[in-house]
Amino acid sequence: MRCSYCQCEIIRNLTVKELLFPFSISSQRCYLCQEKFAQITSLACPTCAKPGWTSMCDECQQWQQRYPYYDFCHQALFSYDEAFKEWIYQYKFLGDFRLRKTFITEIQHYFSHKKDWIVCSVPLSEKRFFQRGFNQVEAFLQAAGIKTQKLLVKKLNNAPQSEKSRQERLAAPQAFRATENMTKIKNQKVLLVDDVYTTGRTLFHAAEILQTYQPKVLHTFSLAR
């Protein structure tokens, strides 16, 4: 078995289940790579999981004013620190497709509590998809065995969010439109998934479209915040 991040060999004793059912062995990180990433603890904004807050953060208060009828709830697994930025750079921008398996264990654990939810990943524009060769969000969900539905299409090919300032991100125009599948979400629980939550602009734009089709509940999720 090799580390799902650094690809170094992991030597450990297998469980009885793993010996009997080798296909059950899931990807995992070595000890050094495990220690690199800071998981978000209870000390975080209850609305968006921004680390270091015990009540609604200032950013969420601003979003609440802009979307007063949206019962916003975002969850994330890891802090968007230097270690995570390095991982996302290798995976997303250098195109190391192997890294889609880096967080399988944590993703599967989180989604074990979302079995009756419709899962939708944030889409890429056609141009960005052909440049990258894969949708990084769809890829890590598929690697973890999470089924998704295509509810959104990205109609604009904007510059990557990483190349924009915070103000430029917040001022970005609506980039999404609904697909024909959107009629399925009325009165259903929907989970919208992205890789990273920074300003929240992308997720709020996507949620704005989803909300018009009257889901029972709409929450959002990202690997990092």
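Author: Ring pairs link Tyr5, Phe37, Phe78, Tyr80, Phe84, Trp87, Tyr91, Phe97, Phe103 and Phe134 into a cluster. This is a predicted model, where local features need pLDDT of at least 70 and side-chain atom pairs count only at pLDDT 80 or more, while totals for chains, interfaces and linings use all residues. Residues are numbered from 1 along each chain as its sequence is written, and side-chain values use heavy atoms, with hydrogens and water left out.

Reader: How many aromatic pairs does a search of the whole structure find?

Author: The search covers the whole structure, and its count of aromatic pairs is 25.

Reader: What kind of pair do Phe97 and Phe134 form?

Author: Phe97 sits in the loop between helix H4 (82-93) and helix H5 (104-111), and Phe134 in the loop between helix H6 (126-132) and helix H7 (136-143), 37 residues apart. Helices here are DSSP runs of H or I with at least four residues, strands are E runs of at least two, and both are numbered from the N terminus. The ring centres of Phe97 and Phe134 are 5.0 Å apart and their planes are at 65°, so the pair is edge-to-face.

Reader: Is Phe97 buried, partly exposed or exposed?

Author: Buried means under 20% relative accessible area, exposed over 50%, and partly exposed in between (1.4 Å probe, protein chains only). Phe97 has 36% relative accessibility, so the label is partly exposed.

Reader: And are the rings of Tyr110 and Phe221 stacked or edge-to-face?

Author: Tyr110 belongs to helix H5 and Phe221 to strand S6 (residues 217-224), 111 residues apart. Tyr110 is buried at 11% relative accessibility, and Phe221 is buried at 0%. Their ring centres lie 4.2 Å apart with planes at 15°, so the pair is stacked.

Reader: How many residues of helix H9 are buried?

Author: Helix H9 runs over residues 201-211 and is mostly covered. Among its buried residues are Phe204, His205 and Leu210.

Reader: What is the radius of gyration of the protein?

Author: The radius is taken over C-alpha atoms, and the globule rule is 2.2 Å times the number of residues to the power 0.38. For 225 residues, a compact globule would be near 17 Å, which agrees with the protein's 18 Å.

Definitions and conventions: Rings of Phe, Tyr and Trp (its six-membered ring) pair if their centres lie within 6.5 Å; planes under 30 degrees apart count as stacked, over 60 as edge-to-face and the rest as tilted.
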